[in-house]
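Here's a quick walk through this fold, from the whole chain down to a few single residues. Have the model open and follow along.

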Amino acid sequence: MPNLNIRTGPAPSGEALSRHDQYYISGGDLHFLLRRTHFRVHSYFFRRESKYWNARLAGPVSPGDNPKPPGTHESTAFLVNEDPEDFATFLWVFYNPKYSLYQAPLNKWITILRLATLWECPGVRDLAISFIDKISMETVQRIKIYQEYKVPREHLLPLYIELATREKMLEREEFRILDADTLFSIVRAREMLRAPLPADGGRNRDDSISPLREEFTDDDKRNIVATAFEISAEQVQALKLKGGRPDTDKGGS
């Protein structure tokens, strides 16, 4: 279990504490303190959705050892080093009053994805990824987000194919966003997909970029880009079974 610098015990002395106006729920049985803000929520969601929190909450407690087990009272709240509003955004997934209607801007979904990754919540991760995938953004920005939060590589392959097969080269700003390994693989894939330049170096063309080889099928292109990025044949096959793009249905637990 990762060490996330989460402690229990009384809050640090100093400024007065406050209760979160939405997520201090009277029927809740699990207490968190983030900076100066108390949260009281239902442990059911954290036990069900989070491998990390399920392990923290399942620790053995012998009768009489501690009248207030960790997280069961304000005085033994879990002290979490996260922004209170980021935590509230994460809780919204569980307490959304609109049931299956999840609408939030990109920054909210990135926060949810980050905390779901940190706390090992696979169902919440799937939900966040599915909605991020539907939000319009530049391809390189999507790649950066997916790489940072370790989204499965089969989600990334269609994005790599898009950059490798497009006619225009990467622009300066795109180079600044992507890391060196990704840039190397994109350049490698672009070279593998293209015919050699003619003897005149392309001076008679509008630009000096070779066209894609005409004999390559879509499967050929997919496999070549996967090879450049060292994506396994199993991952490629899983993507093909999903119709060439990751599923974007609402994720579940």
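Of the 253 residues in the protein chain, 43% are buried. Keep in mind that this is a predicted model. The chain is built from 11 helices and 5 strands. Take the contacts between residues at least 6 apart in sequence: 59% of them join residues at least 24 apart.

Now for the inside. The largest nonpolar core has 64 residues, and Phe-32 and Phe-46 are the ones with the most contacts inside it. Helix α3 (residues 84-95) gives the largest share of this core, 8 residues. Click on Phe-46 and look around: leaving out residues up to four places away in sequence, Phe-46 touches Leu-30, Phe-32, Val-41, Trp-53, Asn-54, Leu-57, Phe-87, Phe-90, Leu-91 and Phe-94.

Next, helix α9, which covers residues 180-193.

Which residues of α9 are buried? They are Thr-182, Leu-183, Ser-185, Ile-186, Ala-189, Arg-190 and Leu-193. These cover an arc of only 165° around the axis, which means they sit on the same side of α9. An α-helix has 3.6 residues a turn, so residues three or four places apart point the same way. On the other side of α9, Ala-180, Asp-181, Phe-184 and Glu-191 are exposed.

What covers the buried residues of α9 includes these helices:

| Helix | Residues |
|---|---|
| α6 | 139-148 |
| α7 | 153-165 |
| α8 | 172-177 |
| α10 | 218-228 |

One last stop is Thr-111, which you'll find in helix α4 (residues 106-118). Is Thr-111 buried or exposed? Its relative accessibility is 13%, so Thr-111 counts as buried, the cut-off being under 20%. Setting aside neighbours within four places in sequence, Thr-111 is in contact with Asp-86 and Thr-89.

Technical notes: Residues numbered from 1 in each chain as written. Predicted model: local features only at pLDDT ≥ 70, side-chain atom pairs only at ≥ 80, totals over all residues. Heavy atoms only, no water. Helix = DSSP H or I, 4+ residues; strand = E, 2+ residues; numbered from the N terminus. Expected span 1.5 Å × (residues − 1). Buried < 20%, exposed > 50% of the residue type's maximum accessible area, 1.4 Å probe, protein only. Arc of directions from axis to C-beta. Contact = heavy atoms within 4.5 Å. Core = buried A, V, L, I, M, F, W, Y, C linked by side-chain atoms within 4.5 Å.
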